[in-house]
Amino acid sequence: MSAIAAYRQLFAYSGLSYVVFAFFGRLPLAMSQIGTLLLVQDATGSYGIGGFCAGALAVANAVGAPFFGSLADRIGQRPVALVQSLAGAVGLAAVVVLTWMDVPWPWIAVVAAAAGLAIPQVGPLARVRWRPMTAAAPNQGRLVSTAFSYEGAADEATFVLGPALVGLAIAVVSPGFAVLLAAAVLGVFGTAFALHRTAELVGRRPTDERAPGRLLTAGIIVLTVAQLTIGIIFGSVQTGNSVVANDAGQPGLTGLLHALLGVGSVVAGVAMAVIPDRFPLPRRMLVFAVALLVLSLPLLWVGSLGWLVVILIVLGFAVAPFMITNFSIAERITDPARTGAAMTLLAAATGLGYAVGAAIAGRLADSGGATPAFAVTVAAGVLAVLVSMLAGRVLRADLPG
């Protein structure tokens, strides 16, 4: 089956409205992180403080995601995603108001953390719905693989569109407007995702059902660390982009530059649907990790915006395949009753990595500019390779068949 035919069949099971709601529902998380960084940096003049506040939002989201994922596994996605969407929208609006009021930045960081805690992980929750949606398909296994390829591409597309919207909003209005836009998108599309009919397919778990299996298996721990490295890459690249753009006198390009990382990633993510099953997932993980490292090295010699544009697009071709592989493995090795928790745990690790990458790169950028910030990206690539090398045997043991 061709990729086009596979995607056509997949979306016939979900319906167009689900695809739209799930896609736009995940945009605010990408928008809020870079929006908070630029909003606070603009108000305080410090990359470090901006990175700290954005990191506080990301860390809180990472800490809360596994809890809310487990809660959704127990009581259903609808009530969890609905409350989170509304609360998150209010929290993001509060960050903007406090910044406009010149409240001391530590308080802004606290409110940013509260907003981050509330923002739902729509992408991981959407992944959970695909297996029950395609239950009647005779080729369900292949469709689920296609769905995960799509979800990886959709995640990366949000990191194209999200920062691009932020950059456009800043260029036209202000950083505050960009964060308010994220709040509005979350309130509308997060709510729509929560209320969609597919939420009923992953409803409350029966009280008489057997106790679910362990979540923190060796395989899941390895995959969590792998996703941490991807988050560090996101956070450090975003900070380095901000420095390069400001040094070039074009601060409004920061969001657009970061969006370029997702361009190649989206293309590669969509193409993952045609990779044959005979290419084992653990081997894919290592191959894509090596690609992350090799393609990130040129960032250490960035000398202009034009050169940075090329490097970011090319680097993106390794990002989505690595993430898709990690999530695909997690879905296969996790007890079905724990899938929501596993998906959100990996997403949480990505958010935590973003916070670490943004905070470290921000401190280094304050004193040394873009190159030390991008050195954090390369270090994350090294870590991804080491984790993938060490993980091969563990994942082969855990994968069925």
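The largest cavity is lined by 20 residues, and L29, Q121, F159, A347 and T350 lie nearest its centre. The structure is a predicted model, in which local features need pLDDT of at least 70 and side-chain atom pairs count only at pLDDT 80 or more, while totals for chains, interfaces and linings use all residues. Residues are numbered from 1 along each chain as its sequence is written, and side-chain values use heavy atoms, with hydrogens and water left out.

A cavity is here a set of points, on a 1 Å grid over the protein atoms alone, where a 1.4 Å probe fits but cannot get out; lining residues have an atom within 4 Å of a point. Three cavities of 30 Å³ or more are found in a search of the whole structure. The volume of the largest cavity is about 300 Å³, a volume being the space filled by probe spheres set on the points, which are joined across faces, edges and corners. At least two residues of its lining come from each of α3 (27-44), α7 (122-133), α8 (140-172), α13 (305-333) and α14 (339-368); helices are DSSP runs (H or I, at least four residues) numbered from the N terminus. The lining of the largest cavity comprises 11 nonpolar, six polar and three charged residues, where Ala, Val, Leu, Ile, Met, Phe, Trp, Tyr, Cys and Pro count as nonpolar, Asp, Glu, Lys and Arg as charged, and the others, Gly among them, as polar.

The second largest cavity has a volume of about 60 Å³. It is lined by 13 residues, of which A65, F68, Q84, P120 and Q121 are closest to its centre. Two or more lining residues are given by α4 and α6, and α4 gives the most, with five. This lining has six nonpolar, seven polar and no charged residues.

The axes of α4 (residues 47-75) and α6 (residues 105-118) come within 7 Å and cross at roughly 30 degrees, the axes being lines fitted to C-alpha atoms over the stretch in contact, with angles from 0 to 180 degrees between N-to-C directions. The two helices are therefore roughly parallel (an angle under 35 degrees; over 145 counts as roughly antiparallel). Residues in contact (heavy atoms within 4.5 Å) include F52, A56 and F68 of α4 and W105, A109 and L117 of α6. By class, 12 are nonpolar, three polar and none charged.

Helix α5 (residues 77-100) and α6 have axes that come within 7 Å and cross at roughly 165 degrees, which makes α5 roughly antiparallel to α6. Their contact includes Q84, G88 and L92 of α5 and W107, V111 and L117 of α6.

How values were computed. Angles under 35 degrees count as roughly parallel, over 145 as roughly antiparallel, 65 to 115 as roughly perpendicular and the rest as oblique. On a 1 Å grid over the protein atoms alone, a cavity is a set of points where a 1.4 Å probe fits but cannot get out, and a pocket is an open set with protein on both sides within 12 Å along at least five of seven lines; lining residues have an atom within 4 Å of a point.
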